[in-house]
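Please consult the sequence and the structure shown here while reading this report.

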Amino acid sequence: MPPAAAPEEPVDDRPTDPVAEAPDNSFDTYYNVCRGTDPKCYNDWGAFATTPDRVLIYSRTAGPRHANLGTPMGPGLNPVMNPDNVMQAGLVRMLKDAAIAADWTEDVAVLGSRINNYKAVIFASSNRDTLWNGAVTTSNDAARTALRNYMRRGGGFVGLHNAFGAEYNWPYYEGLLGNANFYNHGPNRSGDVEIIADDPSTVDLPRRFTFQDEWYNLAPFPTNVKFLAKVDTSTLKPLTSPPHPGHADFHPVAWCQYYDGGRAWLSTLGHNDHSFSASSTGPGADQFQKLVVQGVKSAMGLTPFCTTP
């Protein structure tokens, strides 16, 4: 007789505990927004699908004014530029060379009423309460509301240099900068910028180039962003000026994030005239201008934004 078959092992069909999901840190409870490097924080509603490839440069200052912004311009959209509006004129030229049209204004009412006509808005060293309209008796904060709703419909924001010295009393704006704000800076001097991430905004840039700037120290320090470039602090002598000790171990100068439905590309660089001049002999000007233009394009959605490995 053939041997008896071995008894079958009983099947355990009891339900197993679900696999724990990775924690989702994309919602920032302090700023009450979805932000970070996850594209799920972008509102892909097609709001700008038919918008021309055009940006708005906003350089209104409500406090100290950087020399490369020059003499304040008149009201309205595209006022006559003064010969010393170096940063604004340089941005217009750089973007035109990249087939991107640019309008400009220092009129807070224009920003508040026209921002949705642009694929990105560039805050060009627009500092202090730059979005507060003291000239009206009601809705003084209309531009703040317009910027917030612009981001929520999928807009692009680019903040350059002293845009980090703006809207200190509006937490939403601090979050837009990546949970960061200007604290102080050391002397204006040369240092080596290092590209530390592969990204559409850093493509074809050398991994290291010498640049000249004020090298802003930040408080708070940016979090939950993709860092794109830093300064090699060993090349900064002195590192900083008191009372801030400086970011000796890691001093970022450019980063990106999704924020409250939109895209935000940030850089603390851009203090000097020669950084925005055509055919500039200033150190690293060509590389910086390429970085900015590529950052603007990514914030506009013309290239992939803030990519992950």
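Predicted model: local features only at pLDDT ≥ 70, side-chain atom pairs only at ≥ 80, totals over all residues.

## Nonpolar cores

The largest nonpolar core comprises 48 residues, and the members that touch the most others are Val55, Leu91, Ile122 and Trp265. Helix 5, spanning residues 285-300, gives the most to this core, namely 7 residues. A second, separate core holds 35 residues, including Ala166, Tyr216, Tyr259 and Leu266.

Residues up to four places away in sequence aside, Leu91 touches Ile57, Ile122, Ala124, Leu160, Phe276 and Val292.

## Helix 3

Helix 3 runs from residue 142 to residue 152, and its residues Ala143, Arg144, Ala146, Leu147, Tyr150 and Met151 are buried. These residues lie on the same side of helix 3, because they cover an arc of only 165° around the axis. In general, an α-helix has 3.6 residues a turn, so residues three or four places apart point the same way.

The buried residues of helix 3 pack against helix 2 (108-114) and helix 4 (171-176), as well as against strand 5 (120-124), strand 6 (156-160), strand 12 (252-259) and strand 13 (262-267). Just after helix 3, Gly154 adopts a positive phi of about 100°.

His66 is located in the loop between strand 3 (54-58) and helix 1 (86-97). With a relative accessible area of 13%, His66 falls under the 20% cut-off and is therefore buried.

The side chains of His66 and His271 are joined by a polar contact of 3.3 Å. Neighbours within four places in sequence aside, His66 is in contact with Ser125, His161, Asn162, Glu214, Tyr216 and His271. Among these, Tyr216 is also a member of the second core.

Definitions and conventions. Residues numbered from 1 in each chain as written. Heavy atoms only, no water. Core = buried A, V, L, I, M, F, W, Y, C linked by side-chain atoms within 4.5 Å. Buried < 20%, exposed > 50% of the residue type's maximum accessible area, 1.4 Å probe, protein only. Helix = DSSP H or I, 4+ residues; strand = E, 2+ residues; numbered from the N terminus. Contact = heavy atoms within 4.5 Å. Arc of directions from axis to C-beta. Polar contact = N/O pair within 3.5 Å; in protein donor to acceptor, adjacent residues only side chain to side chain.
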